[in-house]
Amino acid sequence: MNATSFDTLPAPARTRLFSLRGRLGRARYITYCIGSIVLAFLFMYLAGLMLVLSGGFGRMLYIVVSVLLFYCLLPLVFTVLTIKRSHDFNVGGWLALLLLVPVVNMVFWFIPGSRDENRYGPVPPPPSTGIKLAAVILPLLLFSVFLATGGPRMTERQNPASASPPATSIKPYTP
């Protein structure tokens, strides 16, 4: 019997979540992005229940925490994840500026990563079954909640069908 040495086998690449180095696969990217949104809303819901009941100071604290979370922390997390995702298909992190374009940023969900090692690091480890399921279920859940709440609603002011017809005669301006 030959004894094989495990020292010669390459170690799987670890995913360091908040590092700008390395690569991040599609399933993890989708799961981490939508999961962070869900966690942020869950945290704000629970914090809101506790803080709003405590009076004026609690309401002010809730507003400060929500602004810091949704306008500072989440964009920072999305930027780091998107930089790592762009590294996966061998493109520089500057492509993360597409996060500023509302629908175009979803392109990171669909572009496959490099199959081999690239200049940004080794191939990320394959996602587990739980990550794959979360990458499918979380977007569907988010979309179904969006539809269940009525989606974008038009008020009477915005609805062109219920607006009064425009005037047919234009009077000239006379000073």
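Q: Is Asn 118 buried or exposed?
A: This is a predicted model, and in it Asn 118 counts as buried, because its relative accessibility is 10%, where the cut-off for buried is under 20%.

Q: Where is Asn 118 placed, and which residues does Asn 118 touch?
A: Asn 118 sits in the loop between α2 and α3 (129-148), and, leaving aside residues up to four places away in sequence, it touches Arg 23, His 87, Asp 88 and Asn 90.

Q: What lies 2.9 Å from a polar atom of the Asn 118 side chain?
A: That is the backbone nitrogen of Tyr 120.

Q: Back to Asn 90, then: what is its phi like?
A: Asn 90 follows α2 and has a positive phi, near 60 degrees.

Q: And α2 itself, how does the span come out?
A: Helix α2 (residues 56-88) has 33 residues, so at 1.5 Å a residue it should span 48 Å, and the 47 Å between its end C-alpha atoms agrees with that. There is also a bend of about 35 degrees in α2 at Leu 69.

Q: New topic: how many aromatic pairs are there?
A: A search of the whole structure gives three. Among them, Tyr 29 and Phe 108 form a tilted pair, with 6.2 Å from centre to centre and 55 degrees between the planes. This pair links distant parts of the chain, since Tyr 29 is in helix α1 (residues 26-52) and Phe 108 is in the loop between α2 and α3, 79 residues apart.

Q: Which residues make up the cluster linked by ring pairs?
A: Tyr 29, Phe 89 and Phe 108 are linked into that cluster.

How values were computed. Residues are numbered from 1 along each chain as its sequence is written. This is a predicted model: local features need pLDDT of at least 70, side-chain atom pairs count only at pLDDT 80 or more; totals for chains, interfaces and linings use all residues. Side-chain values use heavy atoms; hydrogens and water are left out. Helices (H or I, at least four residues) and strands (E, at least two) are DSSP runs, numbered from the N terminus. The expected span of a helix is 1.5 Å times one less than its number of residues. The bend at a residue is the angle between axes fitted to the seven residues ending there and the seven starting there. Buried means under 20% relative accessible area, exposed over 50%, partly exposed in between (1.4 Å probe, protein chains only). A polar contact is a pair of N or O atoms within 3.5 Å; within protein, one must be able to donate a hydrogen and the other to accept it, and residues adjacent in sequence count only if both atoms are side-chain atoms. Contact means heavy atoms within 4.5 Å. Rings of Phe, Tyr and Trp (its six-membered ring) pair if their centres lie within 6.5 Å; planes under 30 degrees apart count as stacked, over 60 as edge-to-face and the rest as tilted.
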